[in-house]
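Please look at the sequence and the structure below before reading on.

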Amino acid sequence: MRRCRRWARLGLSINHGDSSQRGARRGLRRSRALIGAFALLGSISLLAWTVAPLSAGAVAPPSALSASIVLKPAVGPPTTKVSVTGSGFGATETVTVSFDTTQVATTATDGGGSFSTTFVVPKAALPGSHSVRATGQTTGRSATHTFLVRADWAKFHFGTSSTGYNPYENVIGAGNVSGLTQAWTAVLG
């Protein structure tokens, strides 16, 4: 009897009537578990095989490593000074930063492929989403982030001096103000 249990624990069924069916089910569960374990081991060895050349000092293709950038702030009016920090680029490579299609900064990465620089949002940038892209000139790695240009009026007549002049307004000007139409009215005071 003891021997039969040992065989059943290994997933083998021994013909003992109904108990063999339980053993067969148990064996099937164990077989599935073993297949899962081998699949996991295969995945780990594939991962180790993929990572090993990188840790040995080999250069990975640009698609193997991903570059990223962070903008602070990511929202503001034209002429906002923006800080860009990036990582995942090549070591000590030149990186160009573009606002839409205009190059606004050039910098170099450190030995770890990271950089930090600033740029000024172009004065002519219209309200809406704009693409900021950092591109490594040696590896070709690039990262993109969105900057939202807003020319909000802080209060009626714009500022504390109530001049009605918004220095960030670049959509409405002397050439097109006559084409504006009234959208709403309100009683004040």
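Strands (E, at least two residues) are DSSP runs, as are helices (H or I, at least four residues), and they are numbered from the N terminus; two strands pair if DSSP finds at least two bridges between them. This is a predicted model, in which local features need pLDDT of at least 70 and side-chain atom pairs count only at pLDDT 80 or more, while totals for chains, interfaces and linings use all residues. Residues are numbered from 1 along each chain as its sequence is written, and side-chain values use heavy atoms, with hydrogens and water left out.

An open sheet of three strands, paired in the antiparallel sense, has the order β1-β3-β6. Because β1 (68-72) and β6 (115-120) stand at the edges with a single partner strand each, one side of each has no neighbour in the sheet. Within this sheet, β1 and β3 (residues 81-87) run antiparallel and are joined by five bridges, and I69 stands opposite G86 in β3.

Another antiparallel pair is formed by β4 (residues 94-99) and β5 (residues 102-108), over six bridges. Here S98 stands opposite Q103 in β5, and in the hairpin, which has two residues between the strands, D100 takes a positive phi near 55°.

The pLDDT, the predictor's confidence in each residue from 0 to 100, averages 77 over the protein, and 65% of the residues score at least 70.

| Stretch | pLDDT | Contacts in the model |
|---|---|---|
| residues 14-18 | below 50 | five contacts beyond near neighbours in sequence |
| residues 43-56 | under 50 | two contacts beyond four places in sequence |

Where pLDDT is low, the predicted coordinates should not be read in detail.

Methods:
Contact means heavy atoms within 4.5 Å.
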